[in-house]
Amino acid sequence: MSHVHDSIMGPSKQPEDIRPVVLIIDDSHDVHRLLKARLRQEDVEFISATSGEEGLQIAAVRSPALILLDLDMPGIDGFQVLRLLKDRHETRDIAVIVLSGLNTAADKVTAFDLGAVDYVMKPFDISELRVRMRSSLRMHNLISMLAQRAQVDGLTGLWNRQYFDRRVEEDFARSLRSNRPFSVAMIDADNFKSINDTYGHPVGDIVLQGIAKMLNRELRHTDIACRYGGEEFVVVMNETGIEDARATCERLRVACQETVWPRHPERHVNISIGVCGSDSVFAGTAEDFVQMADEALYTAKRSGRNRVVAIHADEVLKARLKVA
């Protein structure tokens, strides 16, 4: 039996001491060596790109906290790199400090208009650059904290519906590209209204917090648990086929059933779960998976509650294609 009285874990379940990444985009190898040597005491991870094209590719993959960008480069120059960074969804929020030997007012105005947060002249004073870099990283941390809080459910500490809607699309698209397993589970607390009616809404809130804690405890770090709304939760399971997803959901169901609630040990809380999984995503959309998981949840509720119902997405999608 497990007792629910600890604090709710945060949504990300990731280490908090990861160093921010700073990407240097400059065609001069000397500049890379100088910056890494003189700023080695800074608590950051430096990565290098020696062309605009390479810098754009690395920025899209690594999502650095800050970019130090040279303007005068062959091929794609710094202005074009900055323009492309700000035009692309995955890189538009990355802070960029321009490092340039160009000292005209027009160049500075153009850089700021394109989205640079600062402009440092070459040859730069390393102490000044250090201070400006720290300031940009502090701002990045504050913005990241605000953005994360906007996507966290205030009651349970899980990710909220807004975050889920974005994340399920991204993860499904990644699974589709790589033809990897993918599953989604919809979870609903059984007879939740009777808990609120019998014990009051504060106890109902404690139950939702307890379910959230159980999800964080039982799921893997790669699983994404969110509060979908009311007493419903949803889990995105990447790299997870239908049978593994079914087994995971059954473990969640049992863990909830065996939970002892300190204030009302006589009351058991059960959950119903609908899961939709695919062993190799080849068709359909993320919305299809969510809808099929919801249909499976409805079947679980209608057939007696406190159970897991799984839908094999591959079979459903194949049948749809055959009909079409």
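Are Asp 153 and Arg 227 buried or exposed? Both are buried, where buried means under 20% relative accessible area, exposed means over 50%, and partly exposed lies in between, with a 1.4 Å probe and protein chains only.

Before I go on, this is a predicted model, so local features need pLDDT of at least 70 and side-chain atom pairs count only at pLDDT 80 or more, while totals for chains, interfaces and linings use all residues. Residues are numbered from 1 along each chain as its sequence is written, and side-chain values use heavy atoms, with hydrogens and water left out.

Back to that pair. Asp 153 and Arg 227 form a salt bridge, with the closest N and O atoms 3.3 Å apart. The two belong to distant parts of the chain, 74 residues apart: Asp 153 is in the loop between α5 and α6 (161-178), and Arg 227 is in strand β8 (residues 224-229). A salt bridge here is a side-chain nitrogen of Lys or Arg within 4 Å of a carboxyl oxygen of Asp or Glu. Helices (H or I, at least four residues) and strands (E, at least two) are DSSP runs, numbered from the N terminus.

In total, the structure has 22 salt bridges. Another one joins Arg 132 and Asp 118 at 2.7 Å, N to O. Asp 118 is buried at 13% relative accessible area, whereas Arg 132 is partly exposed at 28%.

A local case is Asp 30 with Arg 33, at 2.3 Å between the closest N and O atoms. They are three residues apart in helix α1 (residues 29-38), so about one helical turn separates them. Asp 30 is exposed at 52%, and Arg 33 is exposed at 54%. There is also a salt-bridge network that links Asp 26, Asp 70 and Lys 122.

Cys 249 is buried, at 1% relative accessibility. For Cys 256, the nearest is that of Cys 249, 13 Å away. Cys 256 is buried too, at 2%.

Last, the surface. Met 145 sits in helix α5 (residues 126-149) and is partly exposed, at 45% relative accessible area.

Technical notes. A disulfide is a pair of cysteine sulfur atoms within 2.5 Å.
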